[in-house]
Amino acid sequence: MLNFLEEWSFFGGSILLIFIGLYGVLSRKNMIKILISLGLMDTGVNLLLVALGYVEAANAPIINSVNPSNAAAFVDPIPQALVLTSIVIGTAVLALGLALVMKIYDKYSTLNISEIRGLKW
Amino acid sequence: MLTKYIFVPAAAAFAAYILNKKNKKAGATITALVSAYLLLSLALIYGSWELNQSFNLSLMGYQLEFLMALTPLSWLFAVLTSAISLLIAVFSIDSQADFKFSSVFNLNFLLVIGSIMGVLFARDFLTLFIFWELMTWTSFYLISSGKKKMAGRAAYRYLILSAAAAYSFLMAVIFIFQQTGSFAFEPAAEFLLNNSAPQSILLLLAISLPFWVKAGIFPLHVWVKDAHGNAPKEFSPFLSGMLLKVGFYGLIVVFHQLSFFKIIENTIAYRGLPLLSYLFALLGAVTIITGTILAIRQEDMKKLIAYSSISQMGYIIIGIAIATPLGFSGSMLHLMNHLIFKSTIFLALAAVIYRTGTTKMYEVGGLIFRMPLTFAAYLTAIIALAGIPPTNGFISKWVIYQALIEKGYLFLALAAFFGSIASFMYVFKPLSTVFLGQLKPQHQEIKEVPLLMKIPMLILIGVIVLFGVFPGIQMNIISQISGDLGIETVNYSLYSIQGAFGAWNSLYIFNVFAAGFVIALLVFGLAKKSKLVGLLDTYSSGEYVTDAESYHYAYQYYRPFDRLFDNLAAKSLTGFYETLTANLLKSGESFRRIFAAGRVQNYALYSVLLFVILAAVGWII
Amino acid sequence: MVNLTLIIALPLLMAFTMPIFKMLNSKLPKFIALLTTAFNLIVLSSNFTEIMAAPLILELGGWQAPFAINLYVGPLALVAAFLINGSAFILSIYNLSQDYQFDDKFYLLFLMITAGASGMVMTGDLFNLFVFIEITSIAAYSLTTFAGGSSYEASFKYLIIGGVGSVFLLLGIGFTYSAVGSLNLAEIAASAGLINPLLLQITALLFLIGIGIEAELFPLNFWVPDIYTEAPTAVSGIMSGAVSAAGIYALARIFFTLFPAQQFFNYLLVIGVITLIMGELIAYQQENIKRMLAYSSLAQMGLIVTVISLGTEAAVKAGLFQLINHSILKVLLFISAGVLISAAGSKKIKDLAGLGTKKPTAAFGFTIAAMGILGVPFLNGFISKFMIISSSLNADQFLITFLILAAALIEIAYYLKVVQKLYFEDLEIEVKNTAVITVPVILLTLLIIGLGVYPQLIAEPLEKAAAEILNNSRYIMTVLGGI
Amino acid sequence: MIDLIYKIGHFLLITVFATALGLLFMGIARKIIARIQKRYGPPVYQPYLDVLKLFGKDAITHGFIFDFGAVMALGGVIATLFFIPLGSWQLYSMEGTVLLVIYLLAVASLGMAMGTVGSGNPQASIGISRALTQMLGYELPFLVILFSLIFRYQTSSIWGLMQAQAGSFLNWNLFAYPMMALVAFVVLIGMMGKKPFDAMIAPSEIGSGPVVESGGKYLGMLLLQKSITIIIELALYVNLFLGGADNIFSFSFKMLIVWILATMFGSLFPRFRIEDGVKFFWKWPLGIAILQALYIII
């Protein structure tokens with residue numbers, strides 16, 4: 001029973017996080033809030049990826065003196081490697097987004113996305 | 001070696017383009033030389049019908065072979081093309097002196113000639129399609145090099161219409177290619193014959209669509225007026241003389257070589273003629289009537305003549321559609337004669353435009369005193385167009401009448417009669433407004449056109465009278481063609497054609513006409529000498545006449561007659577096409593307003609929606 | 001037989017050392033970009049014959065196939081890579097005559113985007129594909145901003161959509177990994193049977209949306225008009241020429257190898273046709289020439305996706321040939337449009353009137369490319385249009401063929417409007433002097449006419465590419481052959 | 001060679017005879033109209049005197065085209081005479097003469113039109129534009145009638161059509177197809193430009209239209225041309241509907257009757273406006289002609 005609840009909380013939690021982020025991107029008017037919810041979605045996905053690699057009662061996939069290098073003892077390392085790169089990409093995108101928001105603010109002097117309609121066609 | 005007829009003009013085109021940059025006359029001279037060369041070599045290979053050539057190419061896994069062959073029909077059209085382009089080129093050596101786009105003009109003109117040769121000699125659909133597209137494109141550039149704004153729009157509409165038709169052609173042709181495995185005409189014809197009738201009729205109609213557009217028959221004639229009216233003055237004769245005829249070449253190929261008539265033989269017939277070809281003939285009749293009515297109303301010379309070309313095309317399609325030997329030879333005769341006298345008219349008008357610079361009829365007048373030779377050329381041409389005996393126009397119309405009366409098609413005959421009688425009206429209008437009546441002060445010192453422009457006109461007058469008196473010359477090539485296409489020939493001699501109800505002896509009539517003329521001259525000579533008096537010195541029933549401008553009756557020449565058809569002319573077909581395309585493309589506008597409205601959140605929302613919809617669809621199936 | 005990984009590695013190396021070159025001499029970055037892309041082309045052509053024989057597998061980091069990330073370079077990938085690096089090369093020639101504000105950073109990103117796109121095309125690993133997609137998108141976000149003005153807004157919008165897309169893509173990768181346990185495309189394809197249908201359905205859709213943005217499909221491509229209009233000419237050129245080609249390749253690779261179920265191809269067919277019709281109709285309305293070209297390239301992408309998703313070998317070959325033609329023609333169109341705009345000083349079509357005489361090379365380039373797209377005989381567009389129609393008729397999709405032809409007709413309409421304006425209307429505005437683009441125009445025109453008159457040149461690679469993409473069993477065999 | 005001289009002699013004889021007869025008819029017409037209007041009217045030989053007077057006076061010309069037009073008009077009409085069988089005199093029995101005659105008449109009117117418009121007087125051009133419009137009006141029903149006649153008797157030569165009506169007078173076309181004969185009669189009046197359809201030479205509106213500028217010998221020639229045209233049209237009508245005649249006297253007698261009827265009919269009605277004229281021609285005569293043609297074809 002516990003195992004099911006435990007399992008469910010990881011997946012459910014991260015998918016819930018993704019939906020919150022998605023809702024944030026779609027509905028918020030303020031650009032910075034949009035970017036924040038985008039970051040939220042990213043973390044949600046990363047959490048899901050790590051959760052996928054979960055193995056019952058195994059410890060983190062770091063080889064050091066404490067635990068020897070037999071494969072069974074570790075959680076599946078590949079998703080965690082993926083998460084590393086995806087976090088890097090997420091931050092890069094957010095940084096670029098914030099820089100763009102600054103530039104747009106200079107031009108339109110507003111952060112409200114619905115007012116920025118320069119490109120109507 | 002048939003491909004030389006395509007590559008020689010193409011190569012010369014680029015040479016003409018470069019040379020013309022330096023000296024304005026070079027381009028036209030090269031065109032003249034090339035068409036003379038083509039004419040000569042064509043004359044040499046007359047009769048060798050077995051001359052053919054094919055080369056195949058495995059392209060992207062498709063086995064394609066390009067066939068070319070010389071048939072009497074294509075030989076005739078090729079000779080006509082090269083002859084008319086020779087005359088126009090000689091004419092345009094001088095007349096293009098002040099034409100801004102003359103080098104582009106000559107480049108495209110030679111390319112058009114080359115591509116027409118390609119179309120004529122093609123024996124398989126792919127080559128036909130390639131050269132047909134090339135012809136459309138190059139003539140598009142030619143038309144749009146005319147008067148700025150309107151020429152552009154006219155050429156634009158012309159190209160869209162022919163591109164749409166070309167695509168229907170391509171679709172049908174590829175469908176046949178899939179069934180028969182090759183593009184050639186023979187296997188396609190044989191496949192269509194033993195295919196289910198409705199499907200092959202549909203296929204053949206799709207294939208003939210571009211030819212209907214190019215021939216300017218009723219529902220698809222919308223582009224002809226603007227294209228001819230606004231094309232550069234040197235290209236209009238070629239456009240209405242030759243380009244319209246290439247459409248008929250295609251139609252003849254579809255009707256006879258692709259055995260369209262054999263297919264529809266067993267469909268329900270009206271008075272012995274399958275309903276579908278009677279429908280085509282009716283279309284021709286309607287073309288005559290609309291062309292004539294609209295021609296009478298025009299104020300612009302070239303537009304008037306353009307409409308008259310449309311109505312003359314109606315005669316040709318009637319002749320071809322009723323498919324009797326008389327009908328076919330009548331239409332072929334009329335096709336050749338129309339080419340001759342229509343290009344004379346256009347050349348004469350081009351000469352007038354070259355000297356006066358305007359195409360509006362009411363802005364000129366009384367030019368007979370300054371340009372007698374152009375007047376003579378125009379007079380002979382309109383006598384031929386109206387179909388008055390000693391000229392070739394009468395013979396072809398007479399043969400078509402014989403064909404119609406022989407089979408008793410009343411409505412077609414009615415339209416044909418209407419067309420030819422009304423042609424007196426719209427033919428006389430330019431004569432009286434441009435050449436006769438008062439000579440405007442600003443045109444006092446106009447000189448006759450230079451020699452190089454006179455020669456083509458003189459040659460064409462000679463040809464009109466020659467074929468008027470000796471139709472036999474035309475008839476022996478036509479009988480070759482009907483023989484090749486499997487239609488029995490009409491018996492004829494050098495100067496008479498055996499119609500359904502009687503032979504027609506043109507030499508005899510010519511002598512009688514001359515005799516009558518001599519007697520009248522005698523009566524005129526015996527009487528007293530008459531005193532020459534100026535144009536303004538006329539009986540003006542009491543009014544005081546000051547300037548020639550107000551004393552020249554030219555504007556709305558047939559106003560009473562036009563009043564009968566005002567409402568018909570108002571709802572023109574072009575309006576219908578314009579609105580159709582306009583609101584089709586408006587839908588694009590509303591489409592954009594709904595979706596691409598610039599709000600990024602909507603875009604993100606759409607991607608999620610797509611996911612949801614597709615998931616739902618996947619889940620249901 | 002230079003190792004193909006250099007094609008990705010070298011540009012990245014050159015990109016990140018660009019600031020150093022800038023310090024050495026201000027003119028250097030331009031030439032470095034040119035040299036790198038030229039070098040890439042040489043490497044690609046040196047491997048040409050060998051790859052034609054059998055696809056090349058390159059293990060990165062010396063690991064065995066299923067474990068390590070491997071590059072799979074088949075004929076299709078080679079053709080796409082040629083396309084990408086070719087357009088990059090042509091555009092860098094164009095860039096020689098342009099000068100950008102922070103040019104070293106521009107060329108850094110320019111090389112990055114080329115490397116990213118080539119990586120997308122050559123990777124054999126799913127996550128690696130994700131990484132390269134992200135590299136290309138980030139480079140694209142920042143490259144567009146070099147034009148200033150409202151390009152920030154355009155790139156911000158693209159960033160948002162790109163972000164959402166990458167989340168979907170990552171989710172898809174996560175689900176496939178959890179189901180199959182490996183990221184290698186071949187292994188996933190081999191054990192595709194294991195995934196339960198529902199999960200397969202979801203993952204396929206996630207991939208569709210994730211990569212669909214890159215391949216400019218209907219509901220996902222609203223960033224395209226803004227980016228192509230606001231970005232500098234070179235960037236819109238590389239985006240429409242190279243990046244969209246990479247997007248199409250990725251879409252085809254994923255759907256032909258991982259999800260070959262007919263159901264997804266029907267989705268792609270429908271979406272492709274909508275994109276085609278929508279793109280053409282809106283393009284007709286445009287007054288701004290770059291926006292018109294943007295919608296037109298969007299529509300062409302729709303056409304290519306429609307034709308490829310027909311699934312027969314002839315159709316895929318036609319689609320690929322159209323892809324190649326489209327990239328060549330679009331690059332030429334954007335270059336000439338760029339020059340015309342800078343000459344007329346405005347992007348509005350009506351201000352371009354009469355430039356034909358003043359800017360002969362640019363106007364000539366535009367006309368040749370326009371006629372190429374419209375399928376004038378003896379130009380490359382004609383052959384691909386012919387193949388498209390015959391392949392779609394072969395799959396007896398009459399409605400699709402009719403729609404394709406109708407769209408082509410609308411296309412003729414709006415391209416002609418511009419060509420007529422260029423040549424046959426008189427000039428009102430005084431003309432500013434602009435960059436000289438004779439070299440790229442001549443190169444591309446030769447390519448267009450060459451392909452048009454003698455398409456045999458690329459018949460053989462196309463043949464092999466279509467065959468290879470279609471049967472994924474051979475793909476699996478070659479990659480996992482060892483085990 | 002002798003046969004050629006005989007033919008030319010015969011041809012000259014016919015021309016002189018036709019002109020004389022035509023002028024006589026015009027004199028009779030004036031007499032009849034005068035009688036209807038309760039006055040005596042000029043003597044019957046008045047047209048001869050007019051012609052002689054006109055050729056005596058000197059005239060003005062407006063250049064080459066003015067002269068050429070007059071000569072061409074007269075020449076065309078004389079040439080048409082050649083093809084019409086007048087009673088027993090048949091110079092040329094070639095097939096296809098019916099359509100030919102219609103077009104040869106057109107040559108004459110085109111010549112006249114060119115000459116008069118060449119004079120530069122706007123009234124002449126207005127007259128010609130009316131004449132051509134009206135020609136379109138009356139030619140259409142006439143050609144439909146010809147269509148049905150040719151189709152019915154399977155020959156398009158006037159001599160053939162005349163032979164077809166030989167035998168008793170009962171099988172003249174007048175009685176075989178009365179409606180067609182009536183329509184042809186109305187068309188005949190239009191063709192000759194008699195009263196109700198003479199908008200083209202309306203003296204009050206456009207100064208007698210085309211002939212406004214021609215005086216002296218030009219007016220004389222136009223008068224001659226008018227007289228020969230009357231003879232040709234009457235002869236055509238008689239041949240087609242009254243079975244022609246074996247000798248010239250009964251032939252001209254028949255022509256006289258038709259002529260008298262036409263003038264009487266003409267003098268009763270006011271002038272049609274030009275488009276009403278065309279509308280009239282296309283409404284009743286054309287309708288009846290088409291019905292008749294359909295009756296014959298089916």
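Student: Which chains have the most contacts between them among the 4 pairs of chains that touch?

Tutor: This is a predicted model, in which local features need pLDDT of at least 70, side-chain atom pairs count only at pLDDT 80 or more, and totals for chains, interfaces and linings use all residues. Residues are numbered from 1 along each chain as its sequence is written, while chains are lettered from A and ligands numbered from 1 in the order in which they are written. Two residues are in contact if their C-beta atoms, placed from the backbone, lie within 7 Å. By that rule, the pair with the most contacts is chains B and D.

Student: How far apart are the closest C-alpha atoms of chain A and chain D?

Tutor: Chain C and chain D share no contact, and their closest C-alpha atoms lie 40 Å apart. Chain A and chain D are also joined by no contact. Their closest C-alpha atoms are separated by 56 Å.

Student: What is the radius of gyration of chain C?

Tutor: The radius of gyration is taken over C-alpha atoms, and the globule rule is 2.2 Å times the number of residues to the power 0.38. For 483 residues, a compact globule would come near 23 Å, and chain C agrees with this at 21 Å.

Student: What percentage of the residues of chain C count as buried?

Tutor: A residue is buried if 20 or more other C-beta atoms lie within 10 Å of its own, exposed if 12 or fewer, and partly exposed in between, with C-beta atoms placed from the backbone. Of the 483 residues in chain C, the buried share is 67%.
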